[in-house]
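Please look over the sequence and the structure first; the text follows them.

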Amino acid sequence: MMRVDIATLFPDMCQRVLDESILGRAARKGLIETHCHQIRDYTLNKQKQTDDYPYGGGCGMVMYAQPIQDCCREIIRQVQAQGRPRPHIVFMTAAGSPYSEETAKRLARCDSLLLVCGHYEGIDERVIEAWADEEISIGDYVLTGGELASLVVADSVLRLQPGVLAEAKGYQEESYWDGLIEYPQYTRPEVWEGRAVPPVLLSGNHAEIARWRAGQSLERTRLRRPDLYEKYCEKQRKNR
Ligand code: SAM
């Protein structure tokens, strides 16, 4: 059963999200385990300050190494006390490798993950060098902190764990699973404000529906994500 730990200055915010909806239910059923930890608890100064001025000047403050390192050490200790291997450690950084469903599938095979969130202007580089197995960015934009990024990674990885979604089909048919974006989805009523559901979906002919969906998926990817479409075609050519 996979375990995800998040080291952050905002553990309550992260835990509240993880305890909701599908992931919250999965945790209550014992299918996954999530823990959020307060980095500030590991400071050694009275003010419980976690940041300091950047060497070389510049605006903003930088999170210093010691509380992050001590927090990581304690989390590793707790994980190993459960008889698990050392967690795979990911630092959330704007300069990290771009995140994708491929990465989610790879991380989903880990026994446990430790996601470390920066804040302010970021984290002292030396603690990243010392502790990160990898750095991940969730996109080409800058967030105020790594919390939302860590939740994106935790959510996309934990939903792939056995039993979390009702059926494996739930994620296998979704966007990006096979490198394509998903076909459009419809629910009741059959006609909404003059817009009818595509008739094939009401036909009951499953082979016909599957063909239509595959076609829609391919065409939408070609139009909306030519980069993914090109990659998909390349893969198909290689497999031939
Ligand atoms: N000074 C940093 C830079 O220019 O790369 C940005 C620091 S950002 C304001 C504060 C924290 O938010 C980072 O340490 C990181 O943990 C998180 N963060 C911001 N953007 C992110 C992104 N696209 N993906 C992952 N984490 C991000």
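## Report on the chain and its ligand

Glu134 sits in strand β7; helices (H or I, at least four residues) and strands (E, at least two) are DSSP runs, numbered from the N terminus. The model is predicted, and local features need pLDDT of at least 70, side-chain atom pairs count only at pLDDT 80 or more, while totals for chains, interfaces and linings use all residues. Residues are numbered from 1 along each chain as its sequence is written, and side-chain values use heavy atoms, with hydrogens and water left out.

With a relative accessibility of 15%, Glu134 counts as buried. Buried means under 20% relative accessible area, exposed over 50%, and partly exposed in between (1.4 Å probe, protein chains only). The side chain of Glu134 makes a polar contact of 2.6 Å with the side chain of His88. A polar contact is a pair of N or O atoms within 3.5 Å; within protein, one must be able to donate a hydrogen and the other to accept it, and residues adjacent in sequence count only if both atoms are side-chain atoms.

**The chain as a whole**

The chain has nine helices and nine strands. Of its 240 residues, 40% count as buried. Along the principal axes, the C-alpha trace spans about 70 × 45 × 40 Å.

Pro87 is in the loop between α3 (65-81) and β5, and its relative accessible area of 2% makes Pro87 buried. Between Pro87 and Ile209 there are 43 Å in space, C-alpha to C-alpha, and the two are 122 residues apart in sequence.

**The ligand**

Which residues are closest to the ligand? They are Met92, Gly118, Glu121, Tyr141 and Leu143, in a surrounding set of 19 residues. A residue counts as near a molecule or strand if one of its heavy atoms lies within 4 Å of it.

A backbone N or O atom of Glu121 lies 2.8 Å from a nitrogen atom of the ligand, and a backbone N or O atom of Gly139 lies 3.1 Å from a nitrogen atom of the ligand. At Gly146, a polar backbone atom is 3.4 Å from an oxygen atom of the ligand. Taken alone, the ligand exposes 580 Å², and the protein buries 82% of that. Accessible areas come from the Shrake-Rupley method with a 1.4 Å probe; for residues, only the protein chains shown count as cover.

Two or more residues of the shell around the ligand come from each of β5 (88-98) and β7 (134-137). Strand β5 gives the most, with three residues. By class, the shell has nine nonpolar, nine polar and one charged residues. Here Ala, Val, Leu, Ile, Met, Phe, Trp, Tyr, Cys and Pro count as nonpolar, Asp, Glu, Lys and Arg as charged, and the others, Gly among them, as polar.

**A nonpolar surface patch**

Phe10, Met13, Tyr141, Leu143 and Leu148 form a nonpolar patch on the surface, with about 440 Å² of accessible area together. Patches are made of residues with over 30% relative accessible area and no salt bridge; like charges are joined within 9 Å, and nonpolar side chains (Val, Leu, Ile, Met, Phe, Trp, Tyr) within 5 Å. Phe10 is found in the loop between β1 (2-8) and α1 (11-18). Its relative accessible area is 37%, so Phe10 is partly exposed.

**Salt bridges**

Side chains of opposite charge can pair when their charged atoms come close. A salt bridge is a side-chain nitrogen of Lys or Arg within 4 Å of a carboxyl oxygen of Asp or Glu. The structure holds 16 salt bridges, including those in the table.

| Pair | N to O distance |
|---|---|
| Arg126 and Asp124 | 2.7 Å |
| Arg211 and Glu208 | 2.7 Å |
| Glu230 and Arg237 | 3.5 Å |

Arg126 is exposed at 55% relative accessibility, whereas Asp124 is buried at 16%. Arg211 and Glu208 both lie in helix α8 (residues 206-224), three residues apart, about one turn of the helix. Arg211 is exposed, with a relative accessible area of 55%, and Glu208 is partly exposed, with 34%. In the remaining table row, Glu230 is partly exposed at 45%, and Arg237 is partly exposed at 44%. Elsewhere, salt bridges that share partners join Arg3, Asp5, Glu33, Arg84 and Asp111 into one network.
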